[in-house]
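Please keep the sequence and the model in view while reading.

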Amino acid sequence: MKSKSPIDITVEGIADEVAKVQAKLGASLGTLRNVDNFDYGASEKQEVWRDGKVVLYRYTPVRKTLSRVPILVSYALVNRPYMIDLQDNRSLVKGLLDRGEDVYLIDWGYTDRSDKFLTLEDYIQRFLDGAVDFLRARHKVDAVNVLGICQGGVFSLCYAALNPSKVKNLITMVTPVDFQTPDNMLSNWTRELDVDLFVDTMGNIPADVMNYSYLMLKPFRLNMQKYVGMVDIMDNPEAMTDFLRMEKWIFDSPDQAGEAFRQFVKFFYQGNGFVNKDVDIGDRPVDLDDVTMPVLNIYAEQDHLVPPDASRRMKELVGTRDYTELSFKGGHIGIYVSSRAQKEVPDTIHHWLSQRSV
């Protein structure tokens, strides 16, 4: 009996695939004409506080009964925060509002040359602290819940260590703590960077430099494979709308304030400051032993930007006795937008907070 080749390619099969691709491409013109507005945002929000370009928004509650203590979301500087409220069926914010949480977001805004000398102290002890103090006064509470995401999670950890009496519960998502795990490709690149020359030459760090650095972490998948895969959805207006909305978010990135970038690279990527206890915000040292409030740490198992070990190290370093982890089966972005995330993540946060609401 003749064995079958593992490579099953025939002339007829190739012709069939070519015909399918031609049909998809032919349909693309009609699809693009029918693609509706692919703007973002599923939840209404109002500005409630501002310091320069930094704005605090409150998402409009959808239930009468709200948690007494609000959640303040601190997102990363390197992308726009609307990823957490991308569209109606992909929104962490909507999931939290539906469960009765009172959600606020600090939006760092778009930097320009006037922001070149902003430091980490400005972002953490001026902007974040200003928003927290506003919420404490507005809600008549001593402390608020803080939800930090990625780099915003690093800021939240620093803030919680420096101001433990103002943070009732701390939630971190895809947040690095050990910046020098062997599987952290971004760290391996950044540790050898002459960041002084980089910042002194550029001033603010252009968003395109940051974006293409992230894309080169997975060059085949992020620069080629997804666009080849896009052909398969060219006859589907809804899928194309979702795809274009995500592309808009990926490339809608602010420049990075030069001095804050310099400090972040030196303190964390090059100095591994949380682990080595070598981070100073202004003139105050940061020690994660001072993070004594309850902590919920959510990390993604397939995260190529913040590998699980980089986040799980938090358990050994924070001073709290009330530490909980959620391991999410997905990647750095899937933790916000995948169908599993829409129920699992807000459910976990809400139930965890409700057990610590007293």
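With which residue does aspartate 16 form a salt bridge?

## A charged pair within helix H1

In this predicted model, the partner of aspartate 16 is lysine 20, and the closest N and O atoms of the salt bridge are 3.5 Å apart. Both residues belong to helix H1, which covers residues 11-34, and they are separated by four residues, about one turn of the helix. Aspartate 16 is partly exposed, its relative accessible area being 39%, and lysine 20, at 45% relative accessibility, likewise counts as partly exposed.

## Other salt bridges

Side chains of opposite charge can pair when their charged atoms come close. Counted by the rule of a side-chain nitrogen of Lys or Arg within 4 Å of a carboxyl oxygen of Asp or Glu, the model contains 24 salt bridges. One of these joins arginine 50 to glutamate 47, with 2.9 Å between the closest N and O atoms. Arginine 50 is partly exposed, with a relative accessible area of 46%, and glutamate 47 is also partly exposed, with a value of 42%.

## The contact of helices H6 and H10

Helix H6 (residues 195-202) and helix H10 (residues 258-270) have axes that come within 9 Å of each other and cross at roughly 170°. Because angles over 145 degrees count as roughly antiparallel, H6 is described as roughly antiparallel to H10. On the H6 side the contact is made by Val195, Asp196, Phe198, Val199 and Asp200, while H10 contributes Gly258, Glu259, Phe261, Arg262, Val265, Lys266 and Gln270. Sorted by class, the residues of this contact are five nonpolar, two polar and five charged.

Since aspartate 200 lies in helix H6 and arginine 262 in helix H10, the pair ties together parts of the chain that are 62 residues apart in sequence. The two partners fall into separate accessibility classes: aspartate 200 is exposed, with a relative accessible area of 53%, whereas arginine 262, at 13%, counts as buried. Salt bridges with shared partners join Asp196, Asp200, Glu259, Arg262 and Lys266 into one network.

## Positive phi values in two loops

Lysine 140 has a phi near 55°, which is a positive value in a residue other than glycine. Lysine 140 is placed in the loop between helix H3 (120-139) and strand S7 (144-149), and its relative accessible area of 73% makes it exposed.

Asparagine 272, again a residue other than glycine, has a positive phi near 45°. This asparagine is found in the loop between H10 and helix H11 (273-276). In contrast to the exposed lysine 140, asparagine 272 is buried, with a relative accessible area of 5%.

## Helix H15

Helix H15 comprises 16 residues, 339-354, and reaches 24 Å from its first C-alpha to its last, which is close to the 22 Å expected at 1.5 Å a residue. Which residues of H15 are buried? They are Ala341, Gln342, Val345, Pro346, Asp347, Ile349, His350, Trp352 and Leu353.

Notes:
Residues are numbered from 1 along each chain as its sequence is written. This is a predicted model: local features need pLDDT of at least 70, side-chain atom pairs count only at pLDDT 80 or more; totals for chains, interfaces and linings use all residues. Side-chain values use heavy atoms; hydrogens and water are left out. Axes are lines fitted to C-alpha atoms, for helices over the stretch in contact, and angles run from 0 to 180 degrees between N-to-C directions. Angles under 35 degrees count as roughly parallel, over 145 as roughly antiparallel, 65 to 115 as roughly perpendicular and the rest as oblique. Contact means heavy atoms within 4.5 Å. Ala, Val, Leu, Ile, Met, Phe, Trp, Tyr, Cys and Pro count as nonpolar, Asp, Glu, Lys and Arg as charged, and the others, Gly among them, as polar. Buried means under 20% relative accessible area, exposed over 50%, partly exposed in between (1.4 Å probe, protein chains only). The expected span of a helix is 1.5 Å times one less than its number of residues.
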